[in-house]
Amino acid sequence: METKSKILQALENQDVSISFDDPLENDMILNMGPQHPATHGVLRLLIRLDGETILGTVPEVGYLHRGYEKMAENMTYHEYIPHTDRLDYLSPLSNNVAYVLAVEKLAGIEVPRRAQFIRVIICEMARIMSHLVAMGSTAMDIGALTVLLWGFREREKLQDIQDVFTGVRFTTSFTRIGGLAQDMSDEAIAMLKNFLDQFPEKIRDVEGLLLKNRIFIQRCEGVGVISKHDAIALGLTGPILRATGVPHDLRRDEPYLIYDEFDFDIPTYNDGDALARFYIRMEEMKESVKIIRQALEKIPKGPVNAALPKKVLSSKERIYGKMEELIHDFMLINFGINPPVGEVYQAIENSKGELGFYISSLGEGAPWRLKIHSPSFINIQALPVLLKGHLISDVVAIIGSIDPVMGEADK
Amino acid sequence: MKNIKQKLIEKLKENYGTSIESVVEFQGTLTITVSREKLKDICIFLRGDFDLYFDMCKDVIGVDYQRPDFRFEVVYNLYSIKNNFRFLLKIKLQESDLHVPSVVDIWPGVNWPEREVYDFFGIIFDGHPDLRRIYMPEDFEYFPLRKEFPLMGIPGSIPLPRK
Amino acid sequence: MGLMDKDGFLTTKLDTLLNWSRKNSLWPMPMGISCCAIEMMSFAGPRFDVSRFGSEVFRFSPRQSDLMIVAGTVTYKMAKVVRKIYDQMPEPKWVMSMGACASSGGMYRSYSVVQGIDLFMPVDIYVAGCPPRPENVLNALIELQKKIARNEK
């Protein structure tokens, strides 16, 4: 503890002069990040090394702490939707869904069936988008740059669909409390179908490139192993937990939206290493394709917004054309939806794990307290366990395999 | 699944009857408030009981209510994979005494969430192995999520590098 | 630069030649902090392909780069790091402030976010958007190249 604070002190100063008596007799402390290509953002690791073997790790977060929870207390429920995009910025659509689900649970709003189908579709799109980046950056960190470019090629196609679908390429803010910003256009559906037709083949390409590649397998197999018991004790969720053999997936366990109507598998592996986590992500993308296909088949016609004028924003045409809608809009924008007093917790299975929102309301327009349960934050906590005993070159493979997003971890 | 909820409430009332302050269910979220003194015992019981078996504590949440009878609440988000059941366990704190027993030895995963609550509210977890600030710089003096702290912060409290 | 009629000679000022070579081989140092970093990856990726403008060599070491792209929200805790990396870059160097957060704090009016990186370091070009589309970043790069050609600093 004392050595560490000394090192921290030394790192703060411009000239770093740490001298050990005999470098071969002593442990070395390596500072990795916050600016490092393999830490996926601004994660910082202080690693204690004996030669090349890692003895201990202290992760430092907070370099991207933006004060989300404080800001939520100072704005209405509607105003907060754009902020949820930037939590897990690899899958903005599903963050929007998670937040509005929590608010709807609090206010007791029932959403029309068509909107629920579209929400399932966008959640799964977001999962594919996130896993593509996870896949690409894991491979890039290990040395296979091609996979990153291939992943981004597919992601660009999805972002085009998102562009047509929501009007924005990246940060979507697509959901509204009680529904969606707009209905899905036929053009977007056609684009999505085209994408789904060619996507499994591209996944097979990547599998062909990596999963028989001796270098890739050797870099990942048996690296960063965590046992089932440790994973549960540390509260890990998402692919990292499922890679240890626990079939815990909130889409099955606490069905939200209409996930209980779809037929899909929850892939699990028993190895608990980086390779198993990579496999899980590949499998999950295939499952997501299956879910989107089913949803596109079964999607009913109808409205996408609940008919609750005091809680749900109406369309702009109605607001500009009708007095009553204008009054409701004014009240909603200025004073918020004023849900009843109480506290709720609602979680969804995001691409990284369980993304939950705890909202405590005192009946005002703004939440009294909003707490984000972010999967990356909890998963980064496992790094000391995962890294212990491995070589320094395995650090990048392990960080890539738990796929943290610092926007979400630091809030 | 209904059985688990009843079983949980019954078992808690049976074993810790006087320490259970309230049991509230709102929109499907079950919240049980207990007294701080018995928190650790109840957590050990919930983790160890074979029927209930709450093997995951997913999060620790601090809330600043600023009420005359109590100031802070600490909420534990407990989940049982075996029973597939979740509820919120809650304690209340006076401003004069901000000590809570740490449950890191029961669920190692609450290490960082407890540090987060300390960072935001200044609530001290007794027995925590490494209670440091997690998000804000280590020399920061205030607790940002307390209600009296202004949204834009206190100017000059964190220095910027010279231009 | 002017080409003379006979003998294939080229006459120019040394400054112009230097700036011409600098502007066409800007090596960016991707200071990817948050959401904008993903758009910055798209900007370098196969579709938008920044190598058309000579800037495909992303160097993660500040010593080897001359354009720093600050992509993302800079918090007070991160500001020291950003400044330190900026100080480590060799002259001549330029800074692009990508996105609303880096330029002005953006939507984060909160206690931990620096309200614009120009409070602690010089900035040559600001890019609007949250996050900016890759086309917009390409445009900013072209504008910056013009600025370098004009020998402004």
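This is a predicted model: local features need pLDDT of at least 70, side-chain atom pairs count only at pLDDT 80 or more; totals for chains, interfaces and linings use all residues.
Guide: Helices (H or I, at least four residues) and strands (E, at least two) are DSSP runs, numbered from the N terminus. A:Asp85 sits in one of these runs, helix H3 of chain A.

Visitor: How many residues of chain C score at least 70, as a percentage?
Guide: That's 95%, with a chain C average of 85. The model as a whole gets ipTM 0.91 and pTM 0.88.

Visitor: Why does A:Asp85 count as buried?
Guide: A buried residue has 20 or more other C-beta atoms within 10 Å of its own, an exposed one has 12 or fewer, and partly exposed is in between, with C-beta atoms placed from the backbone. A:Asp85 has 24 C-beta neighbours inside 10 Å, so it counts as buried.

Visitor: Which residues does A:Asp85 touch?
Guide: Touching means that the C-beta atoms lie within 7 Å. Leaving out residues up to four places away in sequence, A:Asp85 touches A:Pro92, A:Asn95, A:Asn96, A:Thr171, A:Thr172 and A:Ser173. As for A:Ala231, that residue is 146 residues from A:Asp85 in sequence and 28 Å away in space, C-alpha to C-alpha.

Visitor: Why is H4(A) said to be largely enclosed by the rest of the structure?
Guide: 16 of the 16 residues of H4(A) are buried, so the rest of the structure largely encloses this helix.

Visitor: What span does helix H4 of chain A reach, and what is expected?
Guide: This helix (residues 92-107) reaches 23 Å from first C-alpha to last, close to the expected 22 Å; the expected span is 1.5 Å times one less than the number of residues. Just after H4(A), A:Gly108 has a positive phi of about 70°.

Visitor: Which residues touch the most other members of the largest nonpolar core?
Guide: A nonpolar core joins buried Ala, Val, Leu, Ile, Met, Phe, Trp, Tyr and Cys residues through C-beta atoms within 7 Å. The largest one has 203 residues, and C:Met40, C:Val70, C:Ala71, C:Val82, C:Met96 and C:Met98 touch the most other members. Helix H5 (residues 113-142) of chain A gives this core its largest share, 17 residues. Not counting residues up to four places away in sequence, C:Met96 has contacts that include C:Leu67, C:Ile125 and C:Leu144.

Visitor: How many residues does each chain give to the contact of chain B with chain A?
Guide: Chain B gives 26 residues and chain A gives 32. S3(B) supplies the largest share of the chain B side, 6 residues.

Visitor: How many residues of the side of chain B that touches chain A are nonpolar?
Guide: There are 16 nonpolar, 7 polar and 3 charged. Nonpolar covers Ala, Val, Leu, Ile, Met, Phe, Trp, Tyr, Cys and Pro; charged covers Asp, Glu, Lys and Arg; the others, Gly among them, are polar.

Visitor: What helices and strands are in chain B?
Guide: Chain B has 3 helices and 7 strands, in the order α-β-β-α-β-β-β-β-α-β along the sequence. Of its 163 residues, 39% are buried.

Terms used:
Residues are numbered from 1 along each chain as its sequence is written. Chains are lettered from A and ligands numbered from 1 in the order in which they are written. pLDDT is the predictor's confidence in each residue, from 0 to 100. Two residues are in contact if their C-beta atoms, placed from the backbone, lie within 7 Å.
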